[in-house]
Amino acid sequence: MRRIAQVAGAVCRPDDFLARLRGEAFMPLLPLWRGAGACARRWRDRTRPMSRARPVTLGIGLAEAAAGPSPGALMEVAGTLRYRAKNAGRNRVERAARHR
């Protein structure tokens, strides 16, 4: 888990923040929506080769703050997207439609 967090720290932008939510779940807070998808894909791509025995895969759900009226609702949207990514074959990034 530390190595996954270190990779995230290396690919995130200066204003991004990574928190461990629970178990094997991390919650990156990416204040700038623009570029968040690229950041998530870099994290996914650089994490995969960490283990020779079995590739490490990430299911990532991206949700914009406007996607929910509260932090809890936003986390629910991101969590749903994360499970969608895992169920669609793992090692994927699922992104909520951008709200204006």
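## Getting to know a predicted fold

User: Where is the place of Leu-81?

Analyst: Happy to start there. This is a predicted model, in which local features need pLDDT of at least 70, side-chain atom pairs count only at pLDDT 80 or more, and totals for chains, interfaces and linings use all residues. Residues are numbered from 1 along each chain as its sequence is written, and side-chain values use heavy atoms, with hydrogens and water left out. Helices (H or I, at least four residues) and strands (E, at least two) are DSSP runs numbered from the N terminus, and Leu-81 has its place in helix H3 (residues 71-87).

User: Is Leu-81 buried or exposed?

Analyst: Buried means under 20% relative accessible area, exposed over 50%, and partly exposed in between (1.4 Å probe, protein chains only). Leu-81 has a relative accessible area of 5%, so Leu-81 is buried.

User: Which residues does Leu-81 touch, not counting residues up to four places away in sequence?

Analyst: Touching here is contact, meaning heavy atoms within 4.5 Å. With that rule, the residues that Leu-81 touches are Ile-60, Gly-61, Leu-62, Ala-63, Glu-94, Arg-95 and Ala-96.

User: How do the elements of the protein run from the N terminus on?

Analyst: Good thing to look at next. The protein has three helices and four strands. From the N terminus on, their order is α-β-β-α-β-α-β.

User: What is the radius of gyration of the protein?

Analyst: The radius of gyration is taken over C-alpha atoms, and the globule rule is 2.2 Å times the number of residues to the power 0.38. For 100 residues that rule gives 13 Å, and the protein comes close to it, so it is as compact as a globular protein of that length, with a radius of gyration of 13 Å.

User: Which residues in helix H1 are buried, and why are they on the same side of H1?

Analyst: In helix H1 (residues 2-11), the buried residues are Ile-4, Val-7, Ala-8 and Val-11. The arc is that of the directions from the helix axis to the C-beta atoms. These residues are on the same side of H1 because they cover an arc of only 100 degrees around the axis.

User: Which exposed residues does the face of H1 turned away from its buried side carry?

Analyst: Let's look at both sides of this helix. The buried residues of H1 pack against strand E1 (17-22), strand E2 (25-29) and helix H2 (36-47). The face turned away from them carries the exposed residues Arg-2, Gln-6, Gly-9 and Ala-10.
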